[in-house]
Amino acid sequence: MINKIKYRIQVIRRLRPYAAGVKKLYIINFCAAVIVLFLGLAVPLFYSLFIEKVILGQKLVFLFPVIIGYASIQLMNTGITFLRNYCQYRVNNQVTVKMKLKILENLLKQPFTEYEKINVGEKKMVIDDAVLRVRDFTNIQTTEYLINFLKMILLFVLLFVLEWHLALILIIAIPLTFWINHVIGKKARKNDEKIWHNDEAMGGYIYSALNGWREIRALNLEDTCQGRFMSYAEKYSRLFLVFIEYWVARVMIIPKIKDEFLMQFLLYFLGGLLIFHGNITIGALLVFAQYYSQLVDTVQAVVTADTDLQEGTVYYDRALSALEENSVEEEKLVSDLPSCELVFDHVTFSYEDGGLEVLNDFSMEIHQGERVGIVGESGRGKTTLLKMIVGMLEPTSGNILFGNYNIKQISLQAVHRKVGFVLQDNLLFNTTIRENLLYGDESATEADMQKACKRAFIDKFIDGLPDGYETVVGEKGIKLSGGQKQRLVLARLFLRDVDMFIFDEATSALDQHAENEVQQAIKGIGRDKTIIVVSHRASSLNLCDRLIYL
């Protein structure tokens, strides 16, 4: 138990920053819980007064105070319960939202090389399932646990004051309850770990299958895909059955046998003997039984919280680790670039795993406002070069200067504000055209969007749609053609007002008509903007002032 309390304190300390602004509500909730605790302890006294004075003593003068007192407690409980629910909701909601935002922030600020290692299924489970468990922790494992622990101690004292012989016999089973649930909790934790790994793998597989549904259909792999999913589902069913068995054992079977059968029998059998010998009155036994019933429920709540904590560490540890993941520190010298002057000074690059040099002692200069084509066979390093321009890769040797600053001294956000990509397969979100455009500039007005779309030669297409700018483009823009996607992305870059446009094989998969429209939009880009075109098509390279061969 001591280790579990230490673990709770450790988790609370790490979660404290995410409760900033609602700590007062947490204190109010705790104070309200203390009041409810003492109100609950007062209820049996009114039962005793009713039995001893009103029924056995036949003193009706006590009936009115009993009714008023009991009704007052119930009304106060109702009001305080509403207040506690409000406080808990506010605290839980803020902690949950702030945790998810922090995890997402850490995820988006990872070094570029780390993204290749990311398990999508695992990250989704952390943001959804693990954070959800931590939300429950903020109430059940803190305020509720502390109040129940305090209530358990007070009830021990009250029972010993009322009849210590009976109390001593009845509480013998309590240490056994803690031990049994601890053993079950350890086994359940191992099972939860297996459930996590299975769900993680299944989530990643579903993500991959949904992204590759075209290939799955084209290659007639539907049955294979379904079979793989069923293997995950069947494993989950087996593991979940084990989870249910553990839960039923500790929450239903053991308490029923121990408390409702054995201990209840002992309570009334031994209590009857004590009444027969004059050691205790009927009213006192009733109060004792009420307090003992509360003790049983309280012990069960504490034990359940301890066991849930054991199982929950599978989720808590992962959520806390995600909150503290190292992100890229943006403590660079330059946060704003005066220009897009680009210089590669004797740059060499090789991947760590292969060791093969993709670029060797490569140098080039691209001046602000130039239109430059990058030409070379596959594998010559064109994509690698583009990744180094935006800081996704660092050169093995040599220097890259951006705006006359070494790129290692520049905040990557400053670079990304200057540079915009139009790719063969661009990122569009499954939302409206308007929302996709606003990713370029959240403050853009209707006029701004229309102007940008006109410059990208996609305005007439959008105006011809039944829903216009409210048209949903589908996952990855599936409802749009290749050329329409390219021009929509280009319009988004116009809203961002980037200074360098990079077209990486942007027209290689387009038909002649779509390519002409994209090229027309490129021609309309001002001569103060830098354009880099990577393409195998002569028609695209004709837009350039000069070519650089790799």
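**Aromatic pairs.** I searched the whole structure, a predicted model, and found 10 aromatic pairs; Phe, Tyr and Trp (its six-membered ring) count as paired if their ring centres lie within 6.5 Å, with planes under 30 degrees apart called stacked, over 60 edge-to-face and the rest tilted. I looked at tryptophan 196 and tyrosine 315: their ring centres are 5.4 Å apart and their planes stand at 80°, so this pair is edge-to-face. The two residues are 119 apart and link distant parts of the chain, with tryptophan 196 in helix 5 (residues 173–211) and tyrosine 315 in helix 8 (residues 282–323). Helices here are DSSP runs (H or I, at least four residues) and strands likewise (E, at least two), numbered from the N terminus.

**Buried or exposed?** I checked tryptophan 196 and found it buried at 0% relative accessibility; tyrosine 315 is also buried, at 8%. Buried means under 20% relative accessible area, exposed over 50%, and partly exposed in between (1.4 Å probe, protein chains only).

**A second pair.** I then turned to phenylalanine 344 and phenylalanine 362, whose ring centres are 6.0 Å apart with planes at 75°, so they are edge-to-face. Phenylalanine 344 belongs to strand 1 (residues 342–350) and phenylalanine 362 to strand 2 (residues 357–366), so the pair ties together parts 18 residues apart in sequence. Phenylalanine 344 is buried at 1%, and phenylalanine 362 is buried at 11%.

**Charges over rings.** I went back to tyrosine 315 and found the charged end of arginine 133 over its ring, 4.1 Å from the centre. Arginine 8 lies over the face of tyrosine 145, at 3.5 Å from the ring centre. The test asks for NZ of Lys or CZ of Arg within 6 Å of the ring centre and within 35 degrees of the ring normal.

**Nonpolar core.** Which residues touch the most other members of the largest nonpolar core? Among them I noted Ile433, Leu437, Leu488 and Phe501, in a core of 34 residues. Such a core is a set of buried Ala, Val, Leu, Ile, Met, Phe, Trp, Tyr and Cys residues joined through side-chain atoms within 4.5 Å. Helix 14 gives the most to this core, with 7 residues. I followed leucine 488 too: beyond its neighbours within four places in sequence, its contacts (heavy atoms within 4.5 Å) include Ile433, Leu437 and Val473.

Residues are numbered from 1 along each chain as its sequence is written, and side-chain values use heavy atoms, leaving out hydrogens and water. In this predicted model, local features need pLDDT of at least 70 and side-chain atom pairs count only at pLDDT 80 or more, while totals for chains, interfaces and linings use all residues.
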